[in-house]
Amino acid sequence: MTTIIDKLSFDEEVNNIDETSGEALENNNINNSNNNNNINENNNIQSPIKSKEDVDTVKEILAEKIQNSRPLCKVKFTRKWKYFGRELQNIEEDTMDTYRFFPPVKDPRYQQTDSRLERDFGVQTNQQSILLNHKSVQTEWCRKVNHSSQVNISESLSRDFEIDEYRIVEFLKKVEPVVVETLAQNSTIDIFKDDFSVLTTDEAFIGTKSESQFIEIQSFPHAISKNKKLASIDWQPNNKAVVALSTVDIRDLNSRLQDSGKTIISNVYIWSFQDPTYPSLILTSPYDVNCIQFNPANPNILAGGLTNGQVILWNMENAEKQNDRIEINMQGEEKPKPQIPTMDWTQLSLLEMSHSNCVTGIQWIPKGKVLNSDAVLYPTETDNECYQFMTLGIDGKLFIWDMRKEKRRLSLKKNEKFKDAWIPYAILSILQLDMTSDLPTYALSVSYKNPYSICCTTTEGELLYADWSPVEKTSTSSAEDDSLQTSNTTFNTSNITKEVYTKQGHHGLGHTISRNPFFDDIIMTVGNTTFKVWKIGCDSPIWTSPFRSTTSYSCGCWSPTRPGVVFLGRADGYIEVWDFLEKSHNLSMISHFSIAQQNIPLTELKFRIGHGNSKFQYQFIAVGTGNASLSIVEVPKNLIRPLPDEEKLVFNFFNREYERVLYFQEKWKIREQESDEKKLEVQPEEVTAENGGTIIEEPVSDPTTIPVVEKKLNIDKVAIKKRFLEMIQ
């Protein structure tokens, strides 16, 4: 009985406090306290609320209580019964082309320098000053009804209206010729045809300003790449969201000598679009890696060429297992694992059997082909196999490597040091045509159709064409392992150079070479001030860009979808676009993709080549800069989709330029021949010219005057034209 009364008195006290405020609340508290005292005196029960402090405590409890100021809103979601149980229709698209991932980036440069405390703030509004009114507006709705009206012509005409037949006849006679001519035109020409329908293929050229500029999609900077530049880029074949890059040191000789005793840090970084903050994997290397390329059949294998001439190979298939293993230091404690997983190289070539200078080019042999000891390419057991690749160095040597160590063709001295060494499969020399000296080769390009055919540039700006097809075996090839020979052919180890194009080359290093993906015999070389287009078989470039004096070119490549478009990277951070079908005397477009990359030279351009129709919808290009940062840039849509018959038009353009070069070369020969004929002394006898013409001497009438001999050169133009047509064919 005591507890029940205490609870009733406490509930009454709480209800009085909740319903009243101000002075009324205090009066009720006094009355309730008196009543409680009476009850306590009669029943010897002690009240829970004794003083004003207890009342304040109850107020604080009620102040923290959340009470609804209005009834709760009810929301009802409905769905038609016919949509229940229906199967979902999935849209099959290339998710890698439309995939966008933008995770949060933690940049220490933008973190707060001082730590601040988190505080809770509350805001209370006056409920009496807010009037909650529920209002609704309903618009008028009229149901759809089909209306029709009928008009009687006889009723619409007035009774007093009289038709003037004479005027109508005169009008019809006047307009009859025009009407007949118009009807005849309508029968021959489709007046309902849309004239703009033939321009549907050019709709990619119509767009906003943002659709005609380069847009930076993602950027990959890293702090470890300080004082370095990006040297090479390559996309992973089966994963279009992973890209690998290598960097080289750009410090001067004095700075390198100061750090000569320190450990060299050289890495290859594997970046993924899923995490642009840190690399997904770091591949270690003993020296700077100048060029890299993924295996087209196995995307986990990456090959690279070092600046000291060695060749390196990584197999990233066991990268996770290598990072999971536990390492113990000298104190017996477990070494802390790095934040970014690292991996050591799998194979490293023997220094004595490598290039004597920097490796500047690397190219895998097409998958499905394997090279045997007889220098013949044979098909593999399956089409998805690739084991061999080529490397080119400044030393003028072309090395062929096999990543399978047991497949050896060259022999070494019997030494335990060279027992498990990785040595090249074949060594080919690139010499001058007279075989007097080596050619300092630089950039490498391998033919798509014929892997034996290669083109490369030199440090003196020349273009070189070589062919390492097998030759017949001679007695001098006895140094090779005869047990491996399966035919009478072997490698051409003497000289593989076929042609050296020295006329009108670059003034200095030709640092970039690119082969047109549509025409295998069209080569583009890029120098510091110009870029040139060559055709194999012509000793002079068929097209040369204007001389660039304000800035220099640093890289370049052909478009993978448009045969007449060229992309060039400049030293001031801009990208130039040349479209030969639009205009060949000047660039078609110039743009920069990032404000932060202005005035920073671009060092590498690498397209991500799609498959099917996706390559005509989206196109991305990896751009490397001089501060070792990588940017993924989206190509404007007007540079992706080709024009109607663009391949044929570009082919005709290159043929016209080739014929123009041959025409001027023949003209120069004629002019040189004419100048030589004028310098010759006149003989009294009739002299026959080399081209079939005759030189006739006229007699001198006045013996006192100085004899002047007039020469008339009769040129056989028919023979020259016939010779010119034979050269073109």
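A residue counts as buried when its relative accessible area is under 20%. Phenylalanine 567 is buried by that rule, because its relative accessible area is 0%. Keep the cut-off in mind, as burial comes up again and again below. Keep in mind too that this is a predicted model.

Start with the whole protein. It has nine helices and 35 strands. Of its 729 residues, 37% are buried. The exposed surface comes to about 48100 Å², and carbon and sulfur atoms supply 51% of that area. Residues 24 or more positions apart account for 61% of them.

Next, the aromatic rings. How many aromatic pairs does a search of the whole structure find? There are 25. A pair of aromatic rings is described by the distance of the centres and the angle of the planes. Look at phenylalanine 214 and phenylalanine 567. Their ring centres are 6.2 Å apart and their planes stand at 75°, so the pair is edge-to-face. Phenylalanine 214 sits in the loop between α5 (165-188) and β1 (215-220), while phenylalanine 567 belongs to strand β28 (residues 565-570). The pair therefore ties together parts that are 353 residues apart in sequence. Phenylalanine 214 is buried, at a relative accessible area of 6%.

A second pair joins tryptophan 558 and phenylalanine 654. This one is also edge-to-face, with 6.3 Å from centre to centre and 90° between the planes. Tryptophan 558 lies in strand β27 (residues 553-558), and phenylalanine 654 lies in helix α8 (residues 646-679). Here the parts tied together are 96 residues apart in sequence. Tryptophan 558 counts as buried at 5% relative accessibility. Phenylalanine 654 is buried as well, with a relative accessible area of 3%. Both residues belong to a cluster linked by ring pairs. Its other members include Phe519, Phe531, Trp543 and Tyr553.

The charged end of arginine 404 sits over the ring of tyrosine 387, 4.2 Å from the ring centre. Lysine 535 lies over the face of tyrosine 658, at 5.6 Å from the ring centre.

Lysine 535 leads us to strand β25. Is β25 largely enclosed or left open? Five of the five residues in this strand (residues 531-535) are buried, so β25 is largely enclosed by the rest of the structure. In a regular strand the side chains alternate between the two faces of the sheet. In β25, Phe531, Val533 and Lys535 are on one side, and Lys532 and Trp534 are on the other. These residues are all buried, and both faces of the strand are covered.

Which strands pair with β25? Strand β24 (residues 522-526) pairs with β25 in the antiparallel sense over five bridges. Isoleucine 522 has lysine 535 as its bridge partner. β24 and β25 form a hairpin, with four residues between them. Strand β26 (residues 543-544) also pairs with β25 in the antiparallel sense, over two bridges. There, lysine 532 stands opposite threonine 544.

Now move to another sheet. Four strands form an open sheet in the order β6-β7-β8-β10, with antiparallel pairing. β6 (289-294) and β10 (347-348) stand at the edges. Each has a single partner strand, so one side of each is left without a neighbour in the sheet. Five bridges join β7 (residues 301-306) to β8 (residues 311-315). In this pairing, glycine 305 stands opposite valine 311.

Glutamate 576 lies in strand β29 (residues 575-579). Is glutamate 576 buried or exposed? It counts as buried, because its relative accessibility is 0%. Its side chain makes a polar contact with the side chain of arginine 548, at 2.8 Å. Leaving aside neighbours within four places in sequence, glutamate 576 is in contact with several residues, among them Arg548, Tyr553 and Phe567. That list brings back phenylalanine 567, the buried residue of the opening.

Serine 629 lies in the loop between β32 (620-625) and β33 (630-634). Serine 629 counts as buried too, at 5% relative accessibility. Its side chain makes a polar contact with the side chain of threonine 625, at 2.7 Å. Another polar contact, at 2.9 Å, joins the side chain of serine 629 to that of asparagine 627.

Conventions:
Residues numbered from 1 in each chain as written. Predicted model: local features only at pLDDT ≥ 70, side-chain atom pairs only at ≥ 80, totals over all residues. Heavy atoms only, no water. Phe/Tyr/Trp six-rings, centres within 6.5 Å; stacked < 30°, edge-to-face > 60°. Buried < 20%, exposed > 50% of the residue type's maximum accessible area, 1.4 Å probe, protein only. Lys NZ or Arg CZ within 6 Å of the ring centre and 35° of its normal. Pairing = 2+ DSSP bridges. Polar contact = N/O pair within 3.5 Å; in protein donor to acceptor, adjacent residues only side chain to side chain. Contact = heavy atoms within 4.5 Å. Areas by Shrake-Rupley, 256 points an atom, 1.4 Å probe, with all protein chains shown as cover.
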